[in-house]
Amino acid sequence: TIRELRTGAAIAYGHWWVPGGLVAVIAGWCCRRPSVVHLHGSDVAIAANKFTRRLARWVLRRAAVRLAVSKELAQWSVTLSGRECEILPMPIDLERFADLSPPAETGFALGVGRLVEEKGFDVLVEAVSMIDAEARPELTIVGVGPEQSRLESQARRLGVKLRLPGSVPPLELPYWYRRASVVVVPSRREGFGIVAAEASAAGRVVVATKVGAMPQIIDDGVSGLLVD
């Protein structure tokens, strides 16, 4: 990073306060260039003890500009560092979702994301199992991860019809959104919530937890539902 700054780069831009932000701040200081630190979500979890909180505070205070993908994350940064933090949400290519269609009455409930605990897909499987068997929708979760076998076992035990198509290229995601009747984002933690934003752009109702930027993306009771 120092070499790039010395050979013409004007700004050191780091994603997450560590390692990218830490590198950007130190390299910017060494080369007398401004640094930008962009927070995405896991930043809070990383700063879980006294040492990492102090390090995060040091990085954020020395950055020329602090950015966050949601109001919640920006407030965390302001509280920790005492410095202003601007909100810059994740971008969405709206042209990919321009071909809107009404949701299918018999469509499935869709989840998208890595199959890890923080995404809360185990909660989604349990929630679907609480719907009467006659009205229970098929559940499709697009993604891969270490929780796959656990989710499959849970679905079999609870009588939920679960489909796991695996990893899907980003350009194919609009196809899955269009086939779904509802998109569910049951995350325990999110920095932004790009799936909720994409599903909304595709004209689908979203049910999501109140984490990350979900309250800014979803108009509760109008374009979707927010749950604790």
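Predicted model: local features only at pLDDT ≥ 70, side-chain atom pairs only at ≥ 80, totals over all residues.
1. **Helix H5, the buried side.** H5 spans residues 71-81. Its buried residues are Leu73, Ala74, Trp76, Ser77, Leu80 and Ser81. Viewed down the axis of H5, these buried residues fall within an arc of 155°, so they line one face of the helix.

2. **Helix H5, the other side and the end.** Lys71 and Thr79 sit on the other side of H5, and both are exposed. Gly82 follows the helix. The phi of Gly82 is positive, near 75°.

3. **What H5 packs against.** The partners of its buried residues include three helices: H2 (16-31), H3 (42-46) and H4 (50-62). Strands take part as well: E2 (35-39), E3 (65-68) and E4 (86-87).

4. **The largest nonpolar core.** This core has 22 residues. Leu110 and Tyr177 touch the most other members. Several elements each supply at least two residues of this core: strand E5 (108-112), helix H8 (173-179), strand E8 (180-185), helix H9 (194-201) and strand E9 (206-209).

5. **Contacts of Tyr177.** Leaving aside residues up to four places away in sequence, Tyr177 touches Phe97, Leu110, Val112, Val183, Val195, Glu198, Ala199, Ala202 and Arg204. Leu110, then, is a contact of Tyr177.

6. **A nonpolar surface patch.** Ile11, Tyr13 and Leu88 form a nonpolar patch on the surface. Together they have about 290 Å² of accessible area. Ile11 belongs to the loop between helix H1 (2-6) and strand E1 (12-15).

7. Val18 and Pro19 are joined by a cis peptide bond, with omega about 5°. Pro19 lies in helix H2. Trp16 is in helix H2 too. The phi of Trp16 is positive, near 65°, in a residue other than glycine. Is Trp16 buried, partly exposed or exposed? Trp16 counts as partly exposed, because its relative accessibility is 36%.

8. **Arg32.** Arg32 is found in the loop between H2 and E2. Its phi is positive, about 55°, although Arg32 is not a glycine. With a relative accessible area of 79%, Arg32 is exposed.

Key
Residues numbered from 1 in each chain as written. Heavy atoms only, no water. Buried < 20%, exposed > 50% of the residue type's maximum accessible area, 1.4 Å probe, protein only. Helix = DSSP H or I, 4+ residues; strand = E, 2+ residues; numbered from the N terminus. Arc of directions from axis to C-beta. Contact = heavy atoms within 4.5 Å. Patch = residues over 30% accessible without salt bridge, like charges linked within 9 Å, V, L, I, M, F, W, Y side chains within 5 Å. Areas by Shrake-Rupley, 256 points an atom, 1.4 Å probe, with all protein chains shown as cover. Salt bridge = Lys/Arg side-chain N within 4 Å of Asp/Glu carboxyl O. Core = buried A, V, L, I, M, F, W, Y, C linked by side-chain atoms within 4.5 Å.
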